[in-house]
Amino acid sequence: MEMQDVIEEGYVGILEDLRKRSLWMLHYCTACGAIELPPTITSRFDAERFGIAPFVTSRQSDILLVTGYINIKTLRRIVTVYEQMLPPKYVIGFGSCTINGGIYWDSYAVVKRLDLYLPVDVYIAGCMPTPMAVIEGFRSLMKLIDEGKANGWKKYIEDNAYYKENQRKVLG
């Protein structure tokens, strides 16, 4: 192995290690789940101590945090935002609504499972997940990144036809 390869390999390793410690989060708040984010981010629970901070633009965010129920009109915007994000990018489904529709499970206008339309790296279950559960979800994502298992964005590229077909069925 040549010196240049060693340097590049070391650089990539350092970059991978730093990536999990500096995650910028775009929270797409669709419903009531957003009420738990301010205490999670601010001083009481202080998610920034783990390197997670809110950010306002999709192109500079690493995490798309989808909170609450997703109606069909919102799904289109969530997909657009996700596709604007640069890889590597991660999706966290926040609350029961992103897992099974939550209390809106029988509504014709609500999407039941987020992972049919976007690759979800971590789900945070509950209605409403507590700030501690949210932080544990962030830490789970960080662990997956560290282990090289947070590859939803690669799955979205590889299985793009699957996701696009599911999106087309709902969005038309």
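Glutamate 147 is partly exposed, with a relative accessible area of 40% (buried is under 20%, exposed over 50% and partly exposed in between, using a 1.4 Å probe and protein chains only). This is a predicted model, where local features need pLDDT of at least 70, side-chain atom pairs count only at pLDDT 80 or more, and totals for chains, interfaces and linings use all residues. Residues are numbered from 1 along each chain as its sequence is written, and side-chain values use heavy atoms, leaving out hydrogens and water.

**Salt bridges**

- The structure holds five salt bridges (a side-chain nitrogen of Lys or Arg within 4 Å of a carboxyl oxygen of Asp or Glu).
- Lys143, Glu147 and Lys149 are linked in a network of these bridges.
- Lysine 143 is exposed at 52% relative accessibility, and lysine 149 is exposed at 57%.

**Aromatic rings**

- There are five aromatic pairs in the structure (ring centres of Phe, Tyr or Trp, the latter by its six-membered ring, within 6.5 Å; planes under 30 degrees apart are stacked, over 60 edge-to-face, the rest tilted).
- Tyrosine 156 and tyrosine 163 have ring centres 5.2 Å apart and planes at 40 degrees, so this pair is tilted.
- Tyrosine 162 and tyrosine 163 pair edge-to-face, at 5.2 Å centre to centre and 75 degrees between the planes.
- Tyrosine 163 is buried at 1% relative accessibility, whereas tyrosine 162 is partly exposed at 44%.
- Tyr82, Tyr156, Tyr162 and Tyr163 form one aromatic cluster.
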